[in-house]
Amino acid sequence: MAKKTVIDTAHSKIAASNWGIAAVIILLLSNQISMNYTRFAIESAHTAGWLLSIYITLLAAVGFFLISKLGVRFPGKDLMDICEEVGGRVLKTIVGIIILTSLLFIVPVTLRQFAEFMKEISFFVSPLSFVTVFLIAGMVAACYAGLEPIIKVTSVLVPIINIVLFGGLVSILPYFDINRMFPVLGKGAMSIFIGGIPKISVFFELIVLLFLAPYIKLAKNFRKIGFASLSFTGINMILVSITIGCVADYHIAMEEFLSEYVMARQLNIGRFFERGEAVFIPLWVFSALLYMSILFYFIIVIFTRLLNLPYYKPFIFSFAILLLNLSFIPGGLESAIMLDTHYFRNTAGIITFLIPTIILAIAKIRKKGLNKR
Amino acid sequence: MITVDTIFIFLILVWNLVYTSSYGLWVWKKGNKIGAAGIMFLVLAVTVLPIITLIIRR
């Protein structure tokens, strides 16, 4: 996965390694873990949060397998190009608007949650608007730098984040109580296996891979990157769910907002290592900033692609103002979390998995029909 | 009451309005009328939304 590819797209020429693209997807998918995922999983399945994590990871893998299998016929094309080829400008516009709307929903909601978390942890006195503007400034700077530096920074940061996360999980082992994992099926098989299906929306950010496809030289690499990112994130989700589930009672874990942060605060090894959050917070801020920057970049790129515009940079400032204002719409942290976990993370799977699968299936049927004639 | 931060926000909005709509005009002149209309819609949203937010917050 180390081979470099340089592909000229309609808008930019970037050099990205397969690892870089995989790192971007891992970062996007893993962001949920440090925000609300464990609470979300425990709320949905109680003591079986880990089982739900396995189940939705498998569902996402099946969904991605279908997309990659059907998408083999469109090498070097992203989702918008495929839509244009299948259903003309109308389909491209409809799909573009759906994806743009979903991104314009989740980025401000995440921004608000993150700003509120930051305020709760570090900036007790600062006004919320100050914290939000500070984050937006980072996103704007990243967008002006472009996709290539973002990918490079992400590929360096992802291993560090995961080493720290794994270290945190290992060092919290003394607090483990395996009995907390029982009953194994938690809220019940129905809640996990039927109620868990919409939870596949946790992997919404995988949609970005469909826009990064032109930067991946070979179709088999696209599949490799997708599966590697999904399995890596899935394993992380399972490990964190097991850890939080075994360290705290599920009804206590349901009340925690930032499970990883709380976990990091628990760290206390002998007399020499304590307050693990000192390492956790900077990494967490950086990874969340990158998460929002990447999605922010794709908001602007999709907008320019929709309207056939040659440059994306003139819109950075406009979208920054728009996102800033949209982030103030939720009434508070609770309602932002509610919008994210209760609404978005139960429906967005349709956009990531169902819509691309339907479009690619139509393309396949059409091609078969043309070949027969 | 008009405060310094309100004036600052207003100036940013005006600057953004001029900057983005000039790009919209350029796109219009290039013949991409749908693109220009989309940009103008964005400009409108970006200008109106902060004003509404400011009014609501007061």
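**Close-up views of cavities, pockets and the chain interface**

**View 1. The largest cavity.** H8(A) gives the largest share of the lining of the largest cavity, 4 residues. Helices here are DSSP runs of H or I with at least four residues, numbered from the N terminus. This is a predicted model: local features need pLDDT of at least 70, side-chain atom pairs count only at pLDDT 80 or more, and totals for chains, interfaces and linings use all residues. Residues are numbered from 1 along each chain as its sequence is written, chains are lettered from A and ligands numbered from 1 in the order written, and side-chain values use heavy atoms, with hydrogens and water left out. A cavity is a set of points on a 1 Å grid over the protein atoms alone where a 1.4 Å probe fits but cannot get out; lining residues have an atom within 4 Å of a point. The largest cavity has a volume of about 70 Å³, the space filled by probe spheres set on points joined across faces, edges and corners. Its lining has 13 residues; Thr47(A), Trp50(A), Arg180(A), Ser241(A) and Gly245(A) lie nearest the centre.

**View 2. The largest pocket.** A pocket is an open set of grid points with protein on both sides within 12 Å along at least five of seven lines. The largest pocket holds about 740 Å³ of space. Of its 23 lining residues, Ser129(A), Val133(A), Leu324(A), Ile9(B) and Ile12(B) lie nearest its centre. H4(A) supplies the largest share of this lining, 6 residues.

**View 3. The second largest pocket.** About 540 Å³ of space lies here. The pocket has 23 lining residues, and Leu100(A), Thr101(A), Leu104(A), Leu322(A) and Phe41(B) are closest to its centre. H3(A) provides the largest share of the lining, 9 residues.

**View 4. Where chain A meets chain B.** Contact (heavy atoms within 4.5 Å) links 17 residues of chain A with 21 residues of chain B. The two chains bury about 1,700 Å² between them, 75% of it on carbon and sulfur atoms. Buried area is the accessible area (1.4 Å probe) lost on putting two parts together, summed over both. Helix H12 (residues 316-326) of chain A gives the most to the side of chain A that touches chain B, with 7 residues.

Note on methods: Helices (H or I, at least four residues) and strands (E, at least two) are DSSP runs, numbered from the N terminus.
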